[in-house]
Amino acid sequence: MTAEASVRAFAKLNLGLRVLYKRPDGYHELRTVFQTISLADRITLSVTRARSTKVAVHGTPDIPDNLVVRASNRILEALKIAAHITISLDKRIPMGAGLGGGSTDAAAILLALPALLRKRLPAEQLASIAAQLGSDVPFFLHGGTALGLGRGEELYPLPDLPAVRGLLVAPNVHSSTADAYRDLSAQLTSIQLQNKLVSFQREIWQSAADAGGVIRMDENDFEAVVFERHPELRQIKRRLVRAGANPAAMTGSGSSIFGIFPDRGRLDAAKQLFANERVFPISFLSRARYRSAWQRALAPYIQPDLWPPQSPSAR
Ligand code: C5P
């Protein structure tokens, strides 16, 4: 018997991203706030139990070591099941753009596959598989707004923010995450570490106090090094600010830049200004909406009150 579902894998922004220091394991210690947005890939999955495992992916340029294939194999291993899996990827999230496109697709497989096989995996096991696939993958098991510590995999849900609207400008620039960390690493000092910890904490407290307003976390440490390599990105940020965006910032290690607009009029005017570029209208997607989008997509296969998988200590 074949089980099928069509799901949306939503993109993320980093509302503020501070890189503290390089750890002994080679990763960098971060402080960030993740936020899911309305921009999404569409993934259609079909699964049939079989004697041996085959995973086929359609609709995406051939990416070696595709994360969705690795995610599928990890889930089948964990469940000790063999199956034929067909995945159709309708990619809308630009790649190499700091939007977590590859990570959200992988997380979508981790969420959907056990449900389609009518099996459950403990939340802790899913989180561990997610962290092994990539630093941003665990966030997409939850969505909404979350504080990210460690290499981004240690997550603390924050209260949902309003569904503010904005514009995402995604120029045709592929920013390599590993290169951005390498460039930034050389500049990290212990004085900066102290300052960043204090200022990040202040911003988080302030945004919690302002909940219901527009979150104003916009300091992304990668801007300094990535804007140096790609000066056109600095120009985009300046144009968004001039058009009335607040905040306007790069997301992740780039290259896309988002601007949040306080009203419809200024957002529409900004759309005109960027009419000749690759832009996406976006809005913040809360954890509640993220969860209900998933529950709708997997409705035939899940009991909503038991899904998504939660650790007993999670809210
Ligand atoms: O975890 P992920 O595979 O997404 O990371 C890609 C690369 O980015 C890593 O190999 C590492 O060089 C760098 N990275 C880092 N610190 C982090 C996350 C990623 O140095 N917190």
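At 74% relative accessibility, lysine 80 counts as exposed. In this predicted model, lysine 80 sits in the loop that runs between helix 1 and strand 4 (83–90). Arginine 118 belongs to the loop between helix 2 and helix 3, and with a relative accessible area of 54% it is exposed. For context, most residues other than glycine have a negative phi, and most peptide bonds are trans.

Cis peptide bonds turn up as well. The bond from asparagine 246 to proline 247 is cis, with omega near 0°, and proline 247 is placed in the loop between helix 7 (231–242) and strand 8 (248–250). Another cis bond leads from glycine 254 to serine 255, this time with omega near 15°. Serine 255 is found in the loop between strand 8 and strand 9 (257–260).

Next come helix 1 (residues 67–79) and helix 2 (residues 101–116), which pack at an angle of about 30° with their axes 8 Å apart. That makes helix 1 roughly parallel to helix 2, and their crossing is right-handed. On the helix 1 side, the contact is made by Leu67, Val68, Ala71, Ser72, Ile75 and Leu79. Helix 2 brings Gly102, Ser103, Asp105, Ala106, Ile109, Leu110, Leu113 and Pro114. Sorted by type, the residues of this contact come out as 10 nonpolar, 3 polar and 1 charged.

As for aromatic rings, the count comes to 4 pairs. In one of them, the rings of phenylalanine 10 and tyrosine 290 have their centres 5.8 Å apart and their planes at 55°, so the pair is tilted. Phenylalanine 10 lies in strand 1 (residues 2–22) and tyrosine 290 in helix 9 (residues 287–297), so the pair ties together parts that are 280 residues apart in sequence. Phenylalanine 10 is buried at 2% relative accessibility, and tyrosine 290 is buried too, at 3%.

Phenylalanine 34 and phenylalanine 139 form a stacked pair, 4.7 Å centre to centre with 20° between the planes. This pair also links distant parts of the chain, 105 residues apart: phenylalanine 34 is in strand 2 (residues 28–49), phenylalanine 139 in the loop between helix 3 (123–133) and strand 5 (145–149). Both phenylalanine 34 and phenylalanine 139 are buried. Ring pairs join Phe34, Phe139 and Phe140 into a cluster.

Notes:
Residues are numbered from 1 along each chain as its sequence is written. This is a predicted model: local features need pLDDT of at least 70, side-chain atom pairs count only at pLDDT 80 or more; totals for chains, interfaces and linings use all residues. Side-chain values use heavy atoms; hydrogens and water are left out. Axes are lines fitted to C-alpha atoms, for helices over the stretch in contact, and angles run from 0 to 180 degrees between N-to-C directions. Helices (H or I, at least four residues) and strands (E, at least two) are DSSP runs, numbered from the N terminus. Angles under 35 degrees count as roughly parallel, over 145 as roughly antiparallel, 65 to 115 as roughly perpendicular and the rest as oblique. A crossing is left-handed if the near helix is turned anticlockwise from the far one by less than a right angle, and right-handed if clockwise. Contact means heavy atoms within 4.5 Å. Ala, Val, Leu, Ile, Met, Phe, Trp, Tyr, Cys and Pro count as nonpolar, Asp, Glu, Lys and Arg as charged, and the others, Gly among them, as polar. Rings of Phe, Tyr and Trp (its six-membered ring) pair if their centres lie within 6.5 Å; planes under 30 degrees apart count as stacked, over 60 as edge-to-face and the rest as tilted. Buried means under 20% relative accessible area, exposed over 50%, partly exposed in between (1.4 Å probe, protein chains only).
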